[in-house]
Amino acid sequence: MKFVCTECDEPMKFDQNGGLDEDGSMAATFRCPSCEWGVTLLINPQETQKVRSLGVKIGGATVPSQPMEMLQTHLAKPSEAMAEVSSASGCSCPFSALVQDTFNTTPSNLRWSVEAEQRLERAPSFVRPMVRRGIEEFAREQGYAEITAQVMDEARTRMGM
């Protein structure tokens with residue numbers, strides 16, 4: 001969400017976070033960089049709770065976010081509530097383990113041919129680590145030392161793609 005000054009037609013900049021009121025509402029103030037005209041956004045208690053639960057930072061990011069940044073952060077440091085649920089049930093979510101393993105950036109001992117790397121780059125960035133991991137796992141099972149376009153084709157066939 002962005003605010004635009006009606007006088008100057010310029011995007012407003014985040015100025016300050018007013019904190020929480022006694023009823024749980026939150027306020028955020030934005031100002032026009034040219035004329036200093038300001039506006040305050042009041043967020044009701046339910047919206048405040050939702051914003052906080054999603055990990056949203058009021059005022060916007062100053063650095064570009066990484067793909068799936070919030071998910072990676074939560075998997076790296078699971079909340080106490082999730083840890084209690086996992087330990088109480090005696091199991092963990094297999095999907096979260098897969099995603100966490102996917103973003104584990106341990107170096108591989110397999111070589112990738114230039115053509116194979118180029119083909120991997122055509123995969124969407126958010127699934128590329130998972131694709132790389134799957135192909136490398138297949139190559140290790142088959143005893144390959146280098147991943148080529150032919151190995152990628154074999155892996156696709158084996159995975160039913």
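Is W37 buried, partly exposed or exposed? I looked it up: W37 counts as partly exposed because its relative accessibility is 40%. Buried means under 20% relative accessible area, exposed over 50%, and partly exposed in between (1.4 Å probe, protein chains only).

I am working on a predicted model, where local features need pLDDT of at least 70, side-chain atom pairs count only at pLDDT 80 or more, and totals for chains, interfaces and linings use all residues. Residues are numbered from 1 along each chain as its sequence is written, and side-chain values use heavy atoms, with hydrogens and water left out.

W37. I placed W37 in the loop between β2 (26-31) and β3 (38-43). Strands are DSSP runs of E, at least two residues; helices are runs of H or I, at least four; both are numbered from the N terminus. Beyond its neighbours within four places in sequence, W37 is in contact (heavy atoms within 4.5 Å) with M12, F30, R31 and C32. I also checked C8: 29 residues separate it from W37 in sequence, and the C-alpha to C-alpha distance is 9.4 Å.

T29. I found T29 in strand β2. T29 counts as buried because its relative accessibility is 9%. Its side chain makes a polar contact with the side chain of T40 at 3.2 Å. Such a contact is a pair of N or O atoms within 3.5 Å; within protein, one must be able to donate a hydrogen and the other to accept it, and residues adjacent in sequence count only if both atoms are side-chain atoms.

Whole chain. I noted seven helices and five strands. Buried residues make up 20% of the 161 residues.
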